[in-house]
Amino acid sequence: MNEQIVGQILGELKGIRESQQVMQNEIKDIKDSQQAMQSEIKSMQIEIKSMQTEIKGIKDSQQSMQTEIKSMQADIMGIKDSQQSMQTEIKSMQADIMGIKDSQQSMQTEIKSMKSEIKDIKESQYLMQTQLNETNEIVRAIRHRQEETDAKLDALSMDVHKLHGEVLSLKDGQERQERILEKLSLRSIEQEAEIRDLKRIK
């Protein structure tokens, strides 16, 4: 009976160890997936830095154009002496300014488009961060389950040792009883011999 219990416990221990191995493989797969996501996030961060550099270049170009417009306005103030020439140059400048405004408007449209793309990237990055947090929660839950399994294994190991000790104790008790029975049997034989001797004497 005790041997059946020990065999059953050993079978349960084997099943728990196999389940623990499966959980360890799942944790490894999750860590690999997490590492891949982190690589993608780094790649996106590099792309965002590149976009920021391009936006800075556009702003510098816009500043340069504003400087040129101020220079043109200064030239307009300097040619007031010749009204006809000034009007002709003003018209020319107005046409240039319109072209600059059109170009500026085009650049603003491009900047808005880039801002929209950066917003989409940030939203995607936030979504990935959320998924990463969920993955971390799953990993923590699996670790917690593994700790519980380890605790159960320790408890089962202690039970097995206890049962082993009880089995040894039962075996020792059985051996003592057998020795006692053997002594009693010898004593009974001696008493029977003594009784027979007494009967012969009578």
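Visitor: In which helix is Gln73 found?

Guide: Gln73 is found in helix α1, which covers residues 2–78. Helices are DSSP runs of H or I with at least four residues, strands are runs of E with at least two, and both are numbered from the N terminus. This is a predicted model, in which local features need pLDDT of at least 70 and side-chain atom pairs count only at pLDDT 80 or more, while totals for chains, interfaces and linings use all residues. Residues are numbered from 1 along each chain as its sequence is written, and side-chain values use heavy atoms, with hydrogens and water left out.

Visitor: How many helices and strands does the protein chain have?

Guide: The protein chain has two helices and zero strands. Helix α2 spans residues 83–201.

Visitor: Why is Gln73 called partly exposed?

Guide: Buried means under 20% relative accessible area, exposed means over 50%, and partly exposed lies in between (1.4 Å probe, protein chains only). Gln73 has a relative accessible area of 46%, and is therefore partly exposed.

Visitor: What makes Gln146 count as buried?

Guide: Its relative accessibility is 17%, so Gln146 counts as buried. Gln146 belongs to helix α2. Residues up to four places away in sequence set aside, Gln146 touches Gln20, Met23, Gln24 and Ile27, where contact means heavy atoms within 4.5 Å.

Visitor: Why is Thr135 called buried?

Guide: Thr135 has a relative accessible area of 16%, and is therefore buried. Thr135 also lies in helix α2, and its contacts, neighbours within four places in sequence left aside, are Ile30 and Met37. For the chain as a whole, 18% of the 202 residues count as buried. Of the chain's contacts with a separation of 6 or more, 87% are between residues 24 or more positions apart.

Visitor: How do you know that Asp60 and Lys56 form a salt bridge?

Guide: The rule asks for a side-chain nitrogen of Lys or Arg within 4 Å of a carboxyl oxygen of Asp or Glu. For Asp60 and Lys56 the N to O distance is 3.5 Å, and their side chains meet in a salt bridge. Both residues lie in helix α1, four residues apart, about one turn of the helix. Asp60 is partly exposed at 44%, whereas Lys56, at 52%, counts as exposed.

Visitor: How many salt bridges are there by this rule?

Guide: The count comes to two. Arg140 and Glu137 also meet in a salt bridge, at 2.4 Å from N to O. They are three residues apart in helix α2, and so are separated by about one helical turn. Arg140, at 46%, counts as partly exposed, and so does Glu137, at 47%. In general, side chains of opposite charge can pair when their charged atoms come close.

Visitor: Which residues make the nonpolar surface patch?

Guide: Ile180, Leu181 and Leu184 make this patch of about 310 Å². Patch residues have over 30% relative accessible area and no salt bridge; like charges are joined within 9 Å, and nonpolar side chains (Val, Leu, Ile, Met, Phe, Trp, Tyr) within 5 Å. Areas come from the Shrake-Rupley method with a 1.4 Å probe, and for residues only the protein chains shown count as cover.

Visitor: Why is Leu184 called exposed?

Guide: Leu184 has a relative accessible area of 52%, and is therefore exposed. Leu184 is placed in helix α2.
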